[in-house]
Amino acid sequence: MEPRTVTPIDKGWEFRQADREDSKYLPVAQFPTNVHLDLLAHKLIPDPYIGKNENDVQWVGEAVWVYRTSFETPGTTSGTGSKSTKAVLAFDGLDTFATVVFNGKTILETDNMFLPERVDVTDILRRDGGQNELVITFDSAYLKGWNLVEKYPDHKWGCWNGDISRLAVRKSQYHWGWDWGPTLLTCGPWRPINLEIYESRITDLWCDVDVDKSLKKATVVVHAPTEGKASNLRFDISLGDTPVARQVLDVGASATFTVSNPKLWYPIRYGKQPLYTIKATLEEDGKEIDSISKKIGLRRAELIQRSLKEQPGTSFFFEVNGIPIFCGGSDWIPADNFIPRISRERYYDWVKLVADGNQFMIRVWGGGIYEEQAFYDACDELGILVWHDFMFGCGNYPAWPELLESIKREATENVKLLRHHPSIVIWAGNNEDYQYAESVNLTWEQENKDAESWLKTDFPARYIYEKILPDVCGELCPSVYYHPGSPWGGVDTRDPTVGDIHQWNVWHGTQEKYQNFDKLGGRFVSEFGMEAFPSVKTIDGYLPLGKADPDRYPQSSTVDFHNKAEGHERRIALYLVENFRYAPDPLEQFVYCTQLMQAECLASAYRLWKRQWRGPGREYCGGALVWQTNDCWPVTSWAICDYHLRPKLAYFTVRREMAPLSIGITRREHRHPRDRYSRVDVDVRWRIEIWGSNLALQDLSGVTCVVRAWDVETGGLTFDRAVKEDLLLPANQSTEIVAMDVPVPTGDDVVDERRTVVAAYLVQDGKQLARHVNWPEPLKYLHLQKPARLAAELSVDGGSVAISAEVPVKGVALECEDDEVRFEDNLVDVVPGEVVRIGVRGAKETSVITTRYLGMI
């Protein structure tokens, strides 16, 4: 018996437009690929990310495309003396409606981008050295989708974003356009194609991992089903280069390993991320026939939903190896509209940005893709927990029998591909489909548990989310929690006391002030956000003429084109005008103001919701995931890092709020009429509340809380006092420290609370541990002074920048034209008498670092 061979079919590919007679075959740009990448490489379309070129490439998604290659049969299919040798073409992903012809015979027709396919071509493959031809024709997913909509007129079609044709097609939904992304309907062989030749093979490798509650022992049951007649399986477990255990068994048996004192996998900051290698080797007569290896992490992960003290509903937080985790993090969309060009290194860089930003969790959103293995590998290595939606979003999906079967296969294959990753701790059925159902009053009777009856209602997709998907997860990954949707829980999807919520009443909905996020929380907030413009460098990059472009101003048609959110002009203007004095010119200062707005908004949310993480039995908020981590093209959106991995200023405020130790302040006006109906005799008090959030696993004792205050106009220090001494901040929770009046000078009629800046510090043994500066709001009412002595000095070794000023300065942002220069923090509030030091990487003696701040222009 010969070993299995795998030959990549990645050479010699060419493509053409099938529905145009004069279209000639041209070589592809890369492999795997898609049609837009290939057309771009031959300059047959303009770059759709530049200017308004997106409009000029819409024809691509409505055309028919054909890809072909030829390859020689490897010299391993004859002479073995075995009639049991098989040849299989394995297609890891075809986007989407593909007809595959091999050596003149149609061998496969596909209609699901997310499904890997395997086709036995033993009887069609040419003998050794023969030439084989593989031809794949891709129909228009957009037009096919509309054909299906017309075929099923009784379904109640409807969606947010894109158009309803997307609901009929199992393809990345964001390809139809979203409120942050372009409409670019791709097609092509988007994942690898291989020729496998074998007599026997291992068909899968997975483990059931059970870490004992004591954490002293882990039981690992390894499964490796096979195909063919090979008789023996060898299982090996290793940690790095160190063998841990080995078993040799007959094919069909599973190996059970007991690991004493296992090296456990932890989320970032709470421990290390050791990854064991599990390897299965198929043997026959002492000869290795096939092998598969995967990396796994040993961890005990649970979603804790239990009654709370003093508040209604139930908790919703994740516990890993017995440690409750406040899951601050963000929501992930695909990092490009053209997935095949995202390198493994770029995936790592994205996840590293998340990890460096003090985030614990990333949510793979349901309108994108089941991501590449490189993404999850990076999450495993860096300790980022993954919340994973299935690929349904913002609509009422149909459920005809063939589609349900395709969806079941899709779920099965993708859970199999991903279930070994320790980072994945929850699967959710969809993104906002229940919310959409509520918005148009679809039939959703929660008390009705008859699954078959759901298919007869106008909300048949409930069968997908509450029958098909949980059944697949229950069978294939029973230790990972399944959640029917996001958001989900309670009497409806807006119930803040049960499950998760998407809080869009800041920006969308009732357009609340972001200062009031404490009234808008929930047990777990899996979406919320605020838009901001990307880096000016990113804007210059998408303007056709760069800095010289006549549309280089915020309200230009080209800049507006690169914001897909409906009503974005009104909403950005609303939140800007509520909070800041600003102007649209120059562009640089306007971009800064939108980023400051986003940064203030998101910091407020994290700070106020993390305050509700109050320890055992009082986990009133168990996590907050900002919409969104990233962009798929250069655009103004809710992302905290733009398409080019350039962090917006909000990235840094989120990073500070999610630090192991932080301090928070809230300021409220309290009005109490002395008489029931008086508008004259009213007692007005401005109160601040101060709390500390210790996300570390050790209590912090002997801490002093110092409060200082300054007059925003003169810079004069008006208060400086230790308001609480010998504080204990218990581990992994937030603790109230003090409530007090805003400190103002006694007998001073000029300096009142509305021009007083207050800073709170946590100090231990003379060392500052945490700091927060609180300003009277809205900031537009303040008479901010332009500092005469604002300094931002690069250290001699180029490793830090020291910032200081003689008056309070709001939102000092460091900037550098050199993209190699990276700041470890940014957007800091500066007060007199202090020096704020920010780490910097990549700076040289010649690096020019400049500053920008609120009120500068």
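Two residues are in contact here when they have heavy atoms within 4.5 Å of each other. The model is predicted, so local features need pLDDT of at least 70 and side-chain atom pairs count only at pLDDT 80 or more, while totals for chains, interfaces and linings use all residues. Residues are numbered from 1 along each chain as its sequence is written, and side-chain values use heavy atoms, with hydrogens and water left out.

Helices (H or I, at least four residues) and strands (E, at least two) are DSSP runs, numbered from the N terminus. Two packed helices are described by the angle between their axes and the distance between the axes. The axes are lines fitted to C-alpha atoms, for helices over the stretch in contact, and angles run from 0 to 180 degrees between N-to-C directions.

Helix H6 (residues 401-418) packs against helix H9 (residues 462-476) at about 35°, and their axes are 10 Å apart. On the H6 side the contact includes Leu404, Ile407 and Val415, and on the H9 side it includes Tyr463, Ile468 and Leu476. Ten nonpolar, one polar and two charged residues make up this contact. Ala, Val, Leu, Ile, Met, Phe, Trp, Tyr, Cys and Pro count as nonpolar, Asp, Glu, Lys and Arg as charged, and the others, Gly among them, as polar.

Ile572, Tyr575 and Leu576 of H12 meet Phe590, Cys593, Thr594 and Met597 of H13. Six of these residues are nonpolar, one is polar and none is charged.

The next element is a sheet. Two strands pair if DSSP finds at least two bridges between them. An open sheet of three strands runs in the order S42-S40-S44, with antiparallel pairing. Strands S42 (828-830) and S44 (850-852) stand at the edges with a single partner strand each, so one side of each has no neighbour in the sheet. Direction ignored, neighbouring strands are turned by 45° against each other on average. Two bridges join S40 (residues 809-815) to S42, and Val812 has Val828 in S42 as its bridge partner. Helix H13 (residues 587-610) packs on this sheet, touching S40 and S44, and its direction makes about 115° with that of S40.

Elsewhere, strands S6 (residues 97-102) and S7 (residues 105-111) run antiparallel and are joined by six bridges. Ala98 has Thr110 in S7 as its bridge partner. Two residues lie between the strands of this hairpin, where Asn103 takes a positive phi near 50°.
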